[in-house]
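I opened this notebook to record what I looked up in the structure, entry by entry. I begin with a local feature and then turn to the rest.

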Amino acid sequence: MTPLSLMLTLSSVLFALGLLAVLTRRNAILVLVGIELMLNAANLNFIAFWAFDSPTAHNAVEPALSGPMFVMFSIAIAAAEAAVGLAIILMVFRHTRSTDLNKLDSLHG
Amino acid sequence: MADHYHLLLWCVPLLPLIAGGIIALLPNRRGRIASKLAIGALSISCLLALGALVCVLTPGKVHVPAPLTWFTFGDVTLKVGLMLDPLSAGMAAMVTFVALWIFIYSVGYMEKEPRFGRFFGFLSLFCGAMLMVVLSNSLLLLFMAWELVGLASYLLIGFYFEKPSAAAAAQKAFITTRVGDMAFFLGMIWLYGHSGTLLFYDGGNGLLESGALSSLAGATAIGGLTVSAAASLLLLIGAMGKSGQVPLHTWLPDAMEGPTPVSALIHAATMVAAGVFLVARTHQIFSLGGDAGIALTATAWVGSITALYAALVAMAQYDIKRILAYSTVSQLGFMMIALGTGGVAAAMFHLIAHAFFKALLFLSAGSVIHGCHEEQDIRKMGGLRKAMPKTFLAYAIGMMALSGFPFVFSGFWSKEGILHSAEFWPGGKGPFLIAACAALLTAFYMTRQALLVFFGESRSPETHPHESPSVMIVPLFVLAAGAVLLSIIGTPFWPWFEKWIHGETAVFHAGAFGEHGAIGLLLLSLVIVTLGVGASVAVYRNGLAGSETPDPLSGKLGGLWRFLENAMGFDTLYQKAIINPLAFFAGGIDMLERMVFVPLMGLAEGLIKGCGRITRASDEAGLNQGFDGICDGLRERADSISRSQTGRAQGYLRTIGLGVSVLLVLYFWLSAG
């Protein structure tokens with residue numbers, strides 16, 4: 001197995017775990033954690049492709065930093081998303097005294 | 001008379017009426033403007049009325065402008081108009097002059113009243129209507145204005161309508177005068193039916209001109225009465241209602257519930273004079289039956305009874321305004337005596353002089369009440385001479401004029417004129433003797449009032465009376481001057497007023513004493529005044545010991561005193577004889593309604609309700625349930641569909657995930673195949 005395919009397998013497992021958390025956990029905070037997992041799986045992909053499969057990786061005279069740049073942006077966005085998401089959860093908790101997603105169904109038909 | 005004069009004559013009554021109308025539209029807080037408007041309109045009216053007086057000052061001059069056509073109904077034309085003769089010009093000048101000063105006085109007296117503007121609106125309405133009464137050339141117009149006067153009187157008596165007694169007094173005045181007005185109306189219709197006109201003067205066709213008069217005297221009504229006598233009696237009843245003659249007098253003392261300027265204006269000076277004026281105006285009809293005909297005899301006797309009755313009752317009253325009210329009733333009786341015994345000029349002279357000194361007395365009484373903090377009981381006054389010297393002076397002049405103090409007061413000469421006309425009446429000496437008695441009593445009760453109010457020591461030391469402001473004092477002195485100066489034109493030496501009313505020229509005649517036993521009459525008047533005042537001074541010289549002490553006469557007279565104090569029980573009699581049976585009848589009707597009509601109505605109500613219930617049941621079972629069924633079905637379908645919208649975000653995500661997985665599997669399967 002090449003290092004790249006190992007990395008991709010790891011990121012796929014991370015992504016699947018995150019998706020599982022998002023789809024099944026009833027605690028809103030754990031759902032947020034799942035989302036972070038999925039984001040980080042994507043970040044791992046960026047780094048893996050940059051490190052093992054980019055044209056600049058083979059002639060390292062002037063290494064292009066496109067992979068880490070994407071990841072930096074992605075982490076910043078993830079941080080912002082986590083802040084907003086936590087704030088929303090806090091407000092929801094104040095409102096309903098619960099973070100159980102199954103109880104937040106006031107938009108039902 | 002030129003047309004513009006005619007217009008000016010219309011202005012005299014219309015200006016105050018218009019001012020009253022404008023004031024009615026003003027917001028209540030603009031009271032100061034209302035008083036200025038009312039006084040302004042009335043002063044212009046006063047100037048015009050004085051001008052009109054000058055126009056007819058030459059004896060024998062009468063202006064009758066062409067009457068206006070009010071409406072035509074088939075071939076019947078109804079005309080109304082104004083006229084100017086000494087009678088109406090004198091009255092108009094007196095009404096505007098006296099009323100003007102009362103208006104000015106009211107500015108001070110009503111100063112703290114929240115409904116200040118409304119008061120002046122009513123006063124203006126009243127004055128306009130009264131001027132219409134005196135200037136009217138048509139019995140119909142006179143009647144309409146007469147009713148307006150009654151309305152204004154009702155509004156003003158009930159001015160303090162929060163007070164139940166004032167509201168009751170207003171109703172009483174309105175209903176009592178209505179009894180008289182009904183008779184007046186019948187008399188008017190009767191006269192119209194016989195003569196076909198209601199105009200007084202109409203170029204030979206008027207009611208008071210020879211053609212109509214002779215037809216009235218010739219026609220016979222029921223029971224041997226001529227139409228003229230019957231109609232005169234009906235008009236007399238109308239006049240009795242308005243002028244407070246027994247037995248329709250009970251409203252007048254109660255009318256003292258109104259503000260004091262109203263008492264002065266309406267219930268002393270002008271409105272109550274309307275009845276006397278009516279008889280004077282239609283005197284030609286009254287006198288058709290001769291000097292001692294039934295109409296004039298009735299007038300003289302009604303006047304006599306009223307004059308004596310009211311003078312007796314006035315002796316036993318304690319309320320300062322009530323004493324004056326009964327004295328007004330009594331003086332109106334004097335005027336009726338004069339009218340009944342043929343002395344129209346004497347009656348009118350007494351009317352005008354009385355307007356001056358009675359307005360003066362009422363305004364002085366108002367000043368006393370104002371100064372004593374709304375106290376009206378003369379037992380609680382006393383010694384006000386020192387605290388209110390100006391009011392005392394004005395009051396003394398009015399009181400002496402009313403009592404008939406000799407020589408310099410108009411009341412002396414006017415009363416003397418009445419006695420003179422009564423003495424030589426062919427119908428008997430009764431009215432003359434009664435008038436003499438009433439004059440004696442007048443001097444007695446007025447002296448009593450003056451002694452108890454102004455002399456002695458104060459019987460309520462805790463109150464501190466004060467003199468009134470000059471806006472109230474100046475009108476008093478103007479009216480006092482009038483009460484004195486009027487005597488110039490009414491003495492037997494120079495009977496200018498009497499001759500003027502009859503359209504003749506007066507000559508100065510110093511020898512008038514010697515004729516017709518005039519000197520004896522003069523002496524008699526002197527004796528009457530001296531006796532009345534002397535007796536009163538003898539009884540009330542020391543005043544009362546305290547505010548709770550009964551009157552010295554009440555112990556001596558006993559039951560008679562209480563009888564007089566209750567105004568001889570007229571109110572009780574009316575209560576028992578008229579009001580109670582009516583109330584009983586009304587109660588019976590009420591019972592009938594409760595016992596019979598209410599159950600009947602209940603039955604009908606039940607039937608209608610039953611029909612309604614049946615209709616409703618069929619409606620619900622038939623229409624509603626079918627329609628509702630369809631709606632319910634639709635709603636159930638919609639509900640079951642909308643149930644798939646759970647509102648749970650994770651559920652949606654799972655579905656999406658499932659869909660994506662299926663699509664992926666499909667894609668790989670197809671691309672592999």
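**Entry 1: a hairpin in chain B**

I looked up the hairpin that β1(B) and β2(B) form, and I found 2 residues between the two strands. In its turn, G74(B) has a positive phi of about 65°. I note that the model is a predicted one. Strand β1(B) covers residues 68–73 and strand β2(B) covers residues 76–80. The two pair in the antiparallel sense, over 5 bridges. I then checked a facing pair: F73(B) stands opposite V76(B) in β2(B).

**Entry 2: helix α17 of chain B**

I next took helix α17(B), residues 389–403, and compared its reach with the expected span. From first C-alpha to last, its 15 residues reach 21 Å, close to the 21 Å expected at 1.5 Å a residue. Is this helix enclosed or open? I counted 11 of the 15 residues of α17(B) as buried, so the helix is largely enclosed by the rest of the structure. The buried residues include T391(B), F392(B), A394(B), Y395(B) and I397(B). The run from G398(B) through M399(B), M400(B), A401(B) and L402(B) to S403(B) is also buried. Just after the helix, I found G404(B) with a positive phi of about 85°.

**Entry 3: the nonpolar core**

Which residues touch the most other members of the largest nonpolar core? I recorded V98(B), V276(B), A359(B), L360(B) and A435(B), in a core of 215 residues. Helix α15(B), residues 344–371, supplies the largest share of this core, with 19 residues.

**Entry 4: chain A**

I turned to chain A and found 3 helices and 0 strands. Along the sequence, the pattern reads α-α-α. Of the 109 residues in chain A, 11% are buried. I also looked up its contacts with a separation of 6 or more: residues 24 or more positions apart account for 53% of them.

**Entry 5: where the chains touch**

Notes:
Residues are numbered from 1 along each chain as its sequence is written. Chains are lettered from A and ligands numbered from 1 in the order in which they are written. This is a predicted model: local features need pLDDT of at least 70, side-chain atom pairs count only at pLDDT 80 or more; totals for chains, interfaces and linings use all residues. A nonpolar core is a set of buried Ala, Val, Leu, Ile, Met, Phe, Trp, Tyr and Cys residues joined through C-beta atoms within 7 Å. A residue is buried if 20 or more other C-beta atoms lie within 10 Å of its own, exposed if 12 or fewer, and partly exposed in between; C-beta atoms are placed from the backbone. Helices (H or I, at least four residues) and strands (E, at least two) are DSSP runs, numbered from the N terminus. Two strands pair if DSSP finds at least two bridges between them. Two residues are in contact if their C-beta atoms, placed from the backbone, lie within 7 Å. The expected span of a helix is 1.5 Å times one less than its number of residues.
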